[in-house]
Amino acid sequence: MGGNRTYYFRGYGENFGRDDQYINVSGGAYQAWKASIYNDRIPHNLSWNGLTPLWNTGSTLLTSPGGAYPPSRDPAQWTTFNYGIQRNTLGGNFEFSNKTPWFVRADYNEVEQNGLRLNSGALGTGSGNGLIQYGAPVDYKTKNAFIEGGYSSKQWGFRLAYLDSKFSNANDGMQFTNFYMRNGLDEQLLPPDNELKKWSFNASAKQLPWDSTLLFRWSQSELTNNLGIASASLKPTSNASPPRGVGYLVTAPYDAESGQPLSTFDGEHKTTTAHVSWNASPMARLDTRVYYDYYDL
């Protein structure tokens with residue numbers, strides 16, 4: 001690290017080359033601008049040597065060793081795996097004010113998560129057969145871009161900000177052998193890709209009559225996603241246990257306009273919020289507040 005009366009430079013890091021590495025390098029000019037880049041790795045080790053009767057843990061296709069129905073209940077014949085997620089964040093930010101009340105800030109980072117998380121599925125078609133626990137693959141990436149600008153003084157200020165966050169999952173779904181459906185492949189959907197866009201505005205005025213403060217906040221966000229719909233799911237063709245046969249139940253919703261089943265789902269949430277409040281102290285030991293909140297989804 002180093003610097004002088006005008007500029008400065010700092011760097012910090014620990015655990016280099018390890019799963020929990022942390023690095024931060026920053027610099028700038030006092031009260032004029034500043035910037036930094038950072039990398040943060042965080043391991044989440046949840047459990048070790050978990051047991052499962054399924055094979056290929058870590059993939060999106062979990063199969064059984066076959067044989068008698070249901071497969072061997074002897075855990076000595078099962079396979080082991082570890083639950084855990086490695087989270088890596090890489091990003092940077094910049095702020096510029098040039099020794100004035102005006103400012104602009106920007107931040108961008110990418111967050112990657114890889115590993116296995118706990119998941120489960122129903123055996124058969126009823127609760128009487130219980131659930132099976134297995135490891136679902138985690139291969140997530142989130143890209144966050146943020147920019148903000150405004151004015152800040154002792155008496156009043158405002159800021160306008162925009163956030164764009166994109167989440168992507170390399171695996172849309174996975175399959176596992178359902179022992180109580182004659183070892184048919186059941187399907188499990190995994191977290192879908194989505195994108196969040198959000199505008200926000202904040203303003204405040206202080207040192208008003210009666211030592212009062214006026215606050216205002218507004219935000220509008222849009223969360224969207226697009227994912228494929230499972231067209232069918234397993235179903236028994238008889239009431240026997242185990243069933244004498246296994247078929248498929250059509251689960252895709254029907255589109256009346258096109259006369260065809262839908263293959264994709266388009267999700268959209270639009271949220272608008274607003275808050276305004278007036279806080280005042282008209283006399284000693286008396287505080288008052290008048291406010292209004294708005295929320296629409």
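Biologist: How many salt bridges does the structure hold?
Modeller: This is a predicted model. A pair counts when a side-chain nitrogen of Lys or Arg is within 4 Å of a carboxyl oxygen of Asp or Glu. The number of salt bridges in the structure is six.

Biologist: Which residue forms a salt bridge with Asp 20?
Modeller: Asp 20 has 28% relative accessibility, so Asp 20 counts as partly exposed. The closest N and O atoms of its salt bridge are 3.9 Å apart. The partner is Arg 18.

Biologist: How many residues apart are Lys 34 and Glu 95?
Modeller: Their side chains meet in a salt bridge, 3.9 Å from N to O. The pair links distant parts of the chain, with Lys 34 in strand 4 (residues 33–52) and Glu 95 in strand 6. The separation is 61 residues.

Biologist: Is Lys 34 buried, partly exposed or exposed?
Modeller: Buried would need under 20% relative accessible area, and exposed over 50%. Lys 34 has 42%. Therefore Lys 34 is partly exposed.

Biologist: With which side chain does the side chain of Glu 95 make a polar contact?
Modeller: Glu 95 sits in strand 6 (residues 79–96). Beyond four places in sequence, Glu 95 is in contact with Ala 32, Trp 33, Lys 34, Val 104 and Arg 105. The polar contact is 3.3 Å, and the side chain is that of Arg 105.

Biologist: Which strands do Glu 112 and Lys 141 link?
Modeller: The side chains of Glu 112 and Lys 141 meet in a salt bridge of 3.3 Å, N to O. The two residues are 29 apart, in distant parts of the chain. Glu 112 is in strand 7 (residues 102–122) and Lys 141 is in strand 8.

Biologist: What is the nearest side chain of opposite charge to Asp 164?
Modeller: Asp 164 is in strand 9 (residues 156–169). Asp 164 is buried yet has no salt bridge. The cut-off is 4 Å, and the nearest side chain of opposite charge is 4.7 Å away: Lys 197.

Biologist: Which side chain is joined to that of Asp 164 by a polar contact?
Modeller: Asp 164 touches Lys 143, Asn 144, Ala 145, Glu 195, Leu 196 and Lys 197, leaving out residues up to four places away in sequence. The polar contact is 3.5 Å. The side chain is that of Tyr 162.

Biologist: What is the area of the nonpolar surface patch that includes Ile 147?
Modeller: Ile 147 is in strand 8 (residues 131–152). Its relative accessibility is 44%, so Ile 147 counts as partly exposed. The patch is made by Tyr 7, Trp 33, Phe 94, Phe 96, Val 104 and Ile 147, and its area is about 530 Å².

Biologist: How far apart in space are Pro 236 and Gly 267?
Modeller: Pro 236 is in strand 14 (residues 232–236). Pro 236 and Gly 267 are 31 residues apart in sequence. In space, C-alpha to C-alpha, the distance is 31 Å.

Notes
Residues are numbered from 1 along each chain as its sequence is written. This is a predicted model: local features need pLDDT of at least 70, side-chain atom pairs count only at pLDDT 80 or more; totals for chains, interfaces and linings use all residues. Side-chain values use heavy atoms; hydrogens and water are left out. Helices (H or I, at least four residues) and strands (E, at least two) are DSSP runs, numbered from the N terminus. Buried means under 20% relative accessible area, exposed over 50%, partly exposed in between (1.4 Å probe, protein chains only). Lys and Arg count as positive and Asp and Glu as negative; His and the chain ends are not counted. A polar contact is a pair of N or O atoms within 3.5 Å; within protein, one must be able to donate a hydrogen and the other to accept it, and residues adjacent in sequence count only if both atoms are side-chain atoms. Contact means heavy atoms within 4.5 Å. Patches are made of residues with over 30% relative accessible area and no salt bridge: like charges are joined within 9 Å, nonpolar side chains (Val, Leu, Ile, Met, Phe, Trp, Tyr) within 5 Å. Accessible areas come from the Shrake-Rupley method with a 1.4 Å probe; for residues, only the protein chains shown count as cover.
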